[in-house]
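Reader: I have a new model on my screen and would like to talk it through. Could we go over it together?

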Amino acid sequence: MSPRWSDHFTRRARAEGWGARSVFKLEEIQRRTRIVRPGDVVLDLGCFPGSWSRFLIQAGVRRLVGVDLQVPQGIQGIFLAADALTVEPSVIRDALDGPADLVLSDMAPSTTGHRLGDHVRQVALARRALTLAAALLRPSGRFVVKVFEGEEAPGFVRDVRERFEEVRRLRPEATRRHSIEFFVVARGYRARVPDP
Ligand SMILES: C[S@@+](CC[C@H](N)C(=O)[O-])C[C@H]1O[C@@H](n2cnc3c(N)ncnc32)[C@H](O)[C@@H]1O
C-alpha cells in the first residue's frame, strides 16, 4: 500500500466522521469474516477515540461496553475509563450484564520506535485481551485481537488456537505500510481450556 493510499484512509475517516482511520480495518475484517452479528453483546477493548464502537453500533449490536484509559464521547454504549491490564473482569461483566458474544481488542501502547520494546508491551495487551475474553465470552463466542509482529507473536497465536475452534490472521488494507500489526480473528470459544 502506498503512503498516498494510507492518506486516503485518513482523509476518508475525517470526511465520514469516524474519529479514526482504524475503522477501515474493522470494516474489512467484517467484510471478510462476518465476525460481528446484529444483536451481539460486545466488549471493545482499547475503544478510544471510538471509531470501532461507532461501527459496532451501526452494525446493530445489542449491547456495547468499551474499555480504555480515556472514554469516547457521544456514542451509544457503556464506556469504562480503566486500565485493561488491571481492571477486574467482574466490573466488565456487570457492565455487559451477562456473557459477551464478541470481544474485540485494538489495544496498543504509545509506540516509541523501539521495535522489540513496542512488540513486547503490545503482546502483553493482546494476552490480557485473551484472558479477559476467556473470562467474559459465552461458549462458542468470538474474538478479534490486534497483535504486533515479533518473536512472541507465534506463541500468542498458538494460545488463541488452543482456545478457539477456528482462527485466522488478517492484515487489512488500511494498515499503514510500515506497521508491524496484524489481527487474529477467532470463533468457536472452547470454554473448558484452563486460563492462559
Ligand atoms: C489504536 S487505538 C484504538 C482505536 C479504536 N479502536 C478506534 O477505532 O477508535 C489503541 C487504544 O488502546 C488503548 N490502550 C493502550 N493501553 C491500554 C490499557 N492498558 N488499557 C486500556 N486501553 C489501552 C489506548 O488508550 C488507545 O486508545
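This is a predicted model: local features need pLDDT of at least 70, side-chain atom pairs count only at pLDDT 80 or more; totals for chains, interfaces and linings use all residues.

Reader: How many helices and strands does the protein chain have?
Author: Reading from the N terminus, the elements run α-α-β-α-β-β-α-β-α-β-α-β-β. Counted up, the protein chain has seven strands and six helices.

Reader: What radius of gyration does the protein chain have, and what would a compact globule have?
Author: For scale, the C-alpha atoms fill a box of roughly 45 × 40 × 30 Å along the principal axes. A compact globule with 196 residues would have a radius of gyration near 16 Å, and the protein chain agrees with that, since its own value is 16 Å.

Reader: Let's turn to the helices. Are H4 and H5 roughly parallel or oblique to each other?
Author: Helix H4 covers residues 89-96 and helix H5 residues 115-136; their axes lie 10 Å apart, at an angle of about 55 degrees. An angle under 35 degrees would count as roughly parallel, and one from 65 to 115 as roughly perpendicular. The angle of H4 and H5 therefore makes them oblique.

Reader: Which residues make the contact, and how many of them are charged?
Author: On H4 the contact is made by Pro89, Ile92, Arg93 and Leu96, and on H5 by Leu132, Ala135 and Leu136. Six of the residues in this contact are nonpolar and none is polar, which leaves a charged count of one.

Reader: And H5 with H6: are they oblique or roughly parallel?
Author: Helix H6 spans residues 153-163, and its axis comes within 11 Å of that of H5, crossing at roughly 10 degrees. Since angles under 35 degrees count as roughly parallel, that is the label here: H5 and H6 are roughly parallel.

Reader: Which residues of H5 and H6 make that contact, and how many are charged?
Author: H5 brings Val123, Ala126, Arg127, Leu130 and Ala134, while H6 brings Ala153, Phe156, Asp159, Val160 and Arg163. Seven of these residues are nonpolar and none is polar, so the charged ones number three.

Reader: Now the ligand. Which residues around the ligand come nearest?
Author: The shell divides into 14 nonpolar, five polar and three charged residues. Two elements give two or more residues to it, namely helix H3 (51-58) and strand E2 (63-68). Of the 22 residues around the ligand, the nearest are Ser22, Gly46, Ser51, Ala84 and Asp106.

Note on methods. Residues are numbered from 1 along each chain as its sequence is written. Axes are lines fitted to C-alpha atoms, for helices over the stretch in contact, and angles run from 0 to 180 degrees between N-to-C directions. Helices (H or I, at least four residues) and strands (E, at least two) are DSSP runs, numbered from the N terminus. Angles under 35 degrees count as roughly parallel, over 145 as roughly antiparallel, 65 to 115 as roughly perpendicular and the rest as oblique. Two residues are in contact if their C-beta atoms, placed from the backbone, lie within 7 Å. A residue is near a molecule or strand if its C-beta atom, placed from the backbone, lies within 6 Å of it. The radius of gyration is taken over C-alpha atoms; the globule rule is 2.2 Å times the number of residues to the power 0.38.
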